Structures are given as C-alpha cells and as structure tokens.
Amino acid sequence: MAETSKATVAGVCDIVAGICGLVGGIPLLVLALVGSSLLAALPEAEVRPLAMIPLALFLPLAILCFVSGVIAIAGGVAAFYRRRWGLALAGSIAAVFGFFPVGVAAVVFTILGEPEFRAPS
C-alpha cells in the first residue's frame with residue numbers, strides 16, 4: 001500500500017497538542033502551589049484550612065495535562081513512524097485534552113491512516 005501523509009499529519013498534530021498540554025500544565029501547577037502557600041501564610045487561623053483548596057482543584061488538572069501530554073507525544077511518535085496503531089490512537093485521544101481542535105484533527109487522521117500502519121518488528 002502506498003504511504004500517504006495521513007499518519008504523518010496525525011503524528012505532528014499529536015506532538016503539537018502534547019506540547020501544548022505539557023505547557024498548559026505548568027501554570028496549573030504554579031497556581032496550585034503558590035495559591036496554597038499564600039493561603040497557608042495568612043495570619044488568620046480560620047483561613048489556614050482553606051490552603052488545601054488550590055491543591056485539590058488545580059493539582060489533579062496539572063497532572064492530567066502532564067500525563068495526557070506525554071501520552072500524546074508518544075502516540076505522535078508512533079504515528080509518525082507508522083508503528084503501533086493502538087498507541088497512536090491513544091495518543092490522538094489524549095491530544096484532545098491538550099489542544100482540542102488539533103486533537104480532533106489528530107484523531108481523524110489517525111483513524112483514516114490506519115491501513116498505513118504496520119506491525120512492530
């Protein structure tokens with residue numbers, strides 16, 4: 001079968017969305033840590049228990065961004081080299097969390113380029 005650029009485009013979209021997810025997780029992590037430490041540093045004793053709220057809200061979101069970014073980049077590399085269609089599909093689905101429009105394009109191109117993938121050697 002002749003190779004088209006569908007898998008290559010899917011891989012590039014995965015990698016771009018994964019990088020956006022990784023970069024997007026940094027402000028969430030900073031917001032969780034700085035917000036929690038600022039609330040903990042306030043002198044009023046009634047406010048100190050509220051210091052866990054920024055951690056509870058923003059830390060899971062930052063972790064989700066980092067994990068989905070790494071999966072999207074790994075899936076992008078797999079799609080770029082046309083290996084492991086399952087990993088490429090998982091990466092494109094994770095790319096939706098990183099950058100929605102590019103992630104949707106990655107899913108579409110990964111599904112359309114499925115016949116081009118070959119079994120790992």
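A search of the whole structure, a predicted model, finds 1 aromatic pair. Its partners are F80 and Y81. Two helices, α1 and α2, also meet here, and their axes come within 7 Å.

**The aromatic pair**
- A pair of aromatic rings is described by the distance of the centres and the angle of the planes.
- The ring centres of F80 and Y81 lie 5.6 Å apart.
- Their planes stand at 80 degrees, so the pair is edge-to-face; the cut-off for that label is over 60 degrees.
- F80 has a relative accessible area of 38%, so this residue counts as partly exposed.
- Y81 reaches 54% relative accessibility and therefore counts as exposed, since the exposed class begins over 50%.

**The helix pair**
- Helix α1 covers residues 6–41, and helix α2 covers residues 52–80.
- The axes of α1 and α2 cross at roughly 160 degrees.
- That angle makes α1 roughly antiparallel to α2, because angles over 145 degrees get that name.
- The crossing of α1 past α2 is left-handed.
- Residues of the contact of α1 with α2 divide into 26 nonpolar, 10 polar and 1 charged.

**A74, a residue in α2**
- Where does A74 sit? Its place is in helix α2.
- A74 and G11 are 63 residues apart in sequence. In space, their C-alpha atoms are 9.2 Å apart.

Methods. Residues numbered from 1 in each chain as written. Predicted model: local features only at pLDDT ≥ 70, side-chain atom pairs only at ≥ 80, totals over all residues. Heavy atoms only, no water. Helix = DSSP H or I, 4+ residues; strand = E, 2+ residues; numbered from the N terminus. Axes fitted to C-alpha atoms, helices over the stretch in contact; angles between N-to-C directions. Parallel < 35°, antiparallel > 145°, perpendicular 65-115°, else oblique. Left-handed = near helix turned anticlockwise from the far one by under 90°. Nonpolar A, V, L, I, M, F, W, Y, C, P; charged D, E, K, R; others polar. Phe/Tyr/Trp six-rings, centres within 6.5 Å; stacked < 30°, edge-to-face > 60°. Buried < 20%, exposed > 50% of the residue type's maximum accessible area, 1.4 Å probe, protein only.
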